Amino acid sequence: MFDYTFQWRSALRALPDMLAGAWVTFETAALSMIFGVLIALALTVMREAQQPVLRGIGNAWVSIARNTPSLFQIYILYFGLGSLGLHVSSWFALLAGITFNNAGYLAENFRGGLKAVPTTQMRAARSLGMSAFQAYRMIIVPQLLRVVFYPLSNQMVWAVLMTSLGVIVGLNNDLTGVTQDYNVKTFRTFEYFAIAAVLYYLIAKLIVAVARLMAWRLFRY
Amino acid sequence: MIEIDNVHKSFGDLEVVKGVSLTVNKGEVVSIIGGSGSGKSTLLMCINGLEPIQKGSIRVDGIEVHNRATDLNRLRQKIGIVFQQWNAFPHLTVLENVMLAPRKVLGKSREEAEALAIQQLTHVGLGDKFKTFPGKLSGGQQQRMAIARALAMSPDYMLFDEATSALDPQLVGEVLDTMRMLAEDGMTMVLVTHEIRFARDVSDRVAFFRNGLVHEIGSPDQVIGNPQQPETAAFLKSVK
């Protein structure tokens, strides 16, 4: 029945490599969040626009990002663009895919958040002579940030977990990629993936803890 | 001088201001009274261009408010407005609330803006609340902060949109006192108000609005003390 002997010692020797992979994972997720937030803000504004084309693009982006598997999004960016002659690296396809996904989900969160900031705040800001842009930047967005802060940290955790999809387009230096390399060399599947899972778990927990701390520092009102 | 000339304003099919003409001279305090839905608050929002108008014109110091070429951001610097729902910026401290526009709109240095904010806040009796967030203040205190915030821009005109209507009765007095102080300092003010006695006390003229029109206008003693129109008398009787 059960004749598998665990080989933790040898597996743990891979830890430095896996930690390096974890860093790539974190970096990729963080970058995808930074771009994701910026694009999501643009999408949020576009979806409120009078211009039907802008509104259409914004709505389509959000709709597609939220209603197709993120795996396909990355796949299409890598192989789909490749077949059109546009060759991108595995890492770039992964980053673009997660960013696309993040932007879609965050734009939806931002829209809800925007509704939670009373329109009278805009009026008050404009009545003091602020331009629309100033009012958004100094009055609306900071309040919006508070409303969407937890969804935002949630999305960051998601982004970290989604980076594991990079392995399907051949990424081999993130946490899953490194783990998979060891796995195919040794067939110690359980050990390596268990360690990787623990590392993912720790990264996710760390993000939530840092988010809590930031929220406590930022939102004192 | 604010010159309102035959202004029409609609929300969709609903016309709420139906041809109002009114002039407010420099240094004058004009109160607008009337039932809800009579168009008085809407008119106030049109004066600083927060609401567009469909017909007529509004000029402030000779500048057309509803002209596309007018720099509204610049014009609004000299027209302060205080809203019914005080609209404090909840994410900024009381001091920051007041400092923000002088710094970012007028381009004052942090020190200058802070000195200005401290002066205005002390003036409205919030000298001990600088570091407090608005959420921790009473409605009356938030409203006084909103007044200080508007005053920090050194406006030439102040518009008050039912500034005390959303306050608990015991907090109304402190806000009215602040407004009275302003009137005595010679500020040009337009007040939309339900505080009839206060309007009578501080105003140079009182306008009674009815169905989107100025129904009666004149000195407070006339409009409130001895109304010429039966509708004015009926309204005054109903709010007493």
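1. The pLDDT is the predictor's confidence in each residue, on a scale from 0 to 100, and helices (H or I, at least four residues) and strands (E, at least two) are DSSP runs that are numbered from the N terminus. This is a predicted model, in which local features need pLDDT of at least 70 and side-chain atom pairs count only at pLDDT 80 or more, while totals for chains, interfaces and linings use all residues. Residues are numbered from 1 along each chain as its sequence is written, and chains are lettered from A and ligands numbered from 1 in the order in which they are written.

2. On confidence, chain A averages a pLDDT of 92, and 100% of its residues score at least 70. Within chain A the confidence is lowest in helix α1 (residues 8-12), where the mean is 82, and highest in helix α3 (residues 52-67), where the mean is 95. Where pLDDT is low, the predicted coordinates should not be read in detail.

3. Chain A has nine helices and zero strands, and its C-alpha atoms fill a box of roughly 75 × 45 × 30 Å, taken along the principal axes. Of the 221 residues of chain A, 39% count as buried, where a residue is buried if 20 or more other C-beta atoms lie within 10 Å of its own, exposed if 12 or fewer, and partly exposed in between, with C-beta atoms placed from the backbone. Two residues are in contact if their C-beta atoms, placed from the backbone, lie within 7 Å; among the contacts in chain A between residues at least 6 apart in sequence, 75% join residues at least 24 apart.

4. A UniProt record, from an unreviewed entry, places the feature "domain: ABC transmembrane type-1" at residues 18-211 of chain A; such annotations may be inferred rather than shown by experiment, and UniProt positions are given in the numbering used here, with feature names shortened. Over residues 18-211 chain A is 84% helix and 0% strand, with the end C-alpha atoms 24 Å apart.

5. With 12 C-beta neighbours inside 10 Å, E48(A) counts as exposed. The C-alpha atoms of E48(A) and I140(A), which are 92 residues apart along the chain, are separated by 15 Å.

6. Turning to chain B, an open sheet of four strands has the order β2-β1-β4-β5, with antiparallel pairing, and two strands pair if DSSP finds at least two bridges between them. In this sheet β2 (14-24) and β5 (63-64) of chain B stand at the edges, each with a single partner strand, so one side of each is left without a neighbour in the sheet. Eight bridges join β1(B) to β2(B), with H8(B) opposite K18(B), and the two strands form a hairpin with two residues between them, in whose turn G12(B) has a positive phi of about 65 degrees. Strand β1 (residues 2-11) of chain B also pairs with strand β4 (residues 55-60) of chain B in the antiparallel sense over five bridges, and here E3(B) stands opposite R59(B).

7. Strand β3 (residues 29-34) of chain B is mostly covered, as six of its six residues are buried. In a regular strand the side chains alternate between the two faces of the sheet. For β3(B), V29(B), S31(B) and I33(B) are buried on one side, and V30(B), I32(B) and G34(B) are buried on the other. Four bridges join β3(B) in parallel to strand β8 (residues 188-192) of chain B, where I32(B) stands opposite V192(B). A parallel pairing over five bridges links β3(B) with strand β9 (residues 205-210) of chain B, in which F209(B) is the bridge partner of G34(B).

8. Helix α5 (residues 139-151) of chain B has 13 residues and reaches 18 Å from its first C-alpha to its last, close to the 18 Å expected at 1.5 Å a residue, the expected span being 1.5 Å times one less than the number of residues. Twelve of the 13 residues of α5(B) are buried, so the helix is largely enclosed by the rest of the structure. What covers these buried residues includes β6 (79-82), α3 (94-104), α4 (110-123), β7 (157-161) and α6 (169-184) of chain B.

9. Where the chains meet, 20 residues of chain B are in contact with 17 residues of chain A. On the side of chain B that touches chain A, α2 (72-76) and α3 of chain B each supply at least two residues.
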